[in-house]
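Keep the model in view as you read.

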Amino acid sequence: MNGRQLIGMAIVAVAIGVVATKFLKAAGANAEAARANACNALDPSPIPALLQNREAPDFELADKTGKKWTLRSLRGRPVLLNFWATWCPPCVEEMHSMEDLARRIDDRAIVLAVSVDKDWDTISKFFVKGTPLSILLDESGDIPKLYGTEKYPETFLIDGEGRVRYAFVNKRNWGQAEAVLCLDSVR
């Protein structure tokens, strides 16, 4: 090969590199837009004013085994925080899809379902076969009030830095593919 051929090949290689870089940037931007659009596909509600531009209110509640959970301890990964009750028909309708989501996200995010029922027996009877969800019990019903709600179900998507990014009033189909993409978008 002569010098001209080498220079020509070098120019072609640089051109391919430039095109590949632009393609990869565009693909990354498209993937990011798809994740953001996935959250919009879930039809988010307005975030309550008391939660805007601040960290999500922290709390401490126990699961059925007595393990204490705090929102702060879950920093670094998205949390889908759901307030629900066994006596709430839309909550019951939504719960199967929420369990489906919990199975599909592995440990990339956590689905935290805070029940406002009166005792663990009621919750245990509801989940006779167990559940992949992390269930907490708030017998007082005070924790949902920190989020500006007294109606159920209400769900808040909290990013890895602890800020509420999306709110969802009433039931959603968490089993749809967009739900996983939405959680991934707030890592």
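## Salt bridges

A salt bridge is a side-chain nitrogen of Lys or Arg within 4 Å of a carboxyl oxygen of Asp or Glu. The whole structure has 7 of them. The model is predicted: local features need pLDDT of at least 70, side-chain atom pairs need 80 or more, and totals for chains, interfaces and linings use all residues. Residues are numbered from 1 along each chain as its sequence is written, and side-chain values use heavy atoms, without hydrogens or water.

R75 and E55 pair at 3.0 Å, N to O. R75 sits in the loop between β2 (68-70) and β3, and E55 in the loop between α1 and β1 (60-62), so the bridge ties together parts 20 residues apart in sequence. Helices (H or I, at least four residues) and strands (E, at least two) are DSSP runs, numbered from the N terminus. E55, R72 and R75 form a salt-bridge network.

E93 and K171 pair at 2.2 Å, N to O. E93 is in helix α2 and K171 in the loop between β7 and α5, 78 residues apart.

## Nonpolar core

A nonpolar core is a set of buried (under 20% relative accessible area, 1.4 Å probe, protein chains only) Ala, Val, Leu, Ile, Met, Phe, Trp, Tyr and Cys residues joined through side-chain atoms within 4.5 Å. The largest has 52 residues; F59, L81, L101, L133, Y147 and L157 touch the most other members. Elements giving two or more residues include α1 (3-41), α2 (89-104) and β3 (79-84).

## Charged helix pair

K145 and D142 form a salt bridge at 4.0 Å, N to O. Both lie in helix α4 (residues 142-146), 3 residues apart, about one turn.

How values were computed. Buried means under 20% relative accessible area, exposed over 50%, partly exposed in between (1.4 Å probe, protein chains only).
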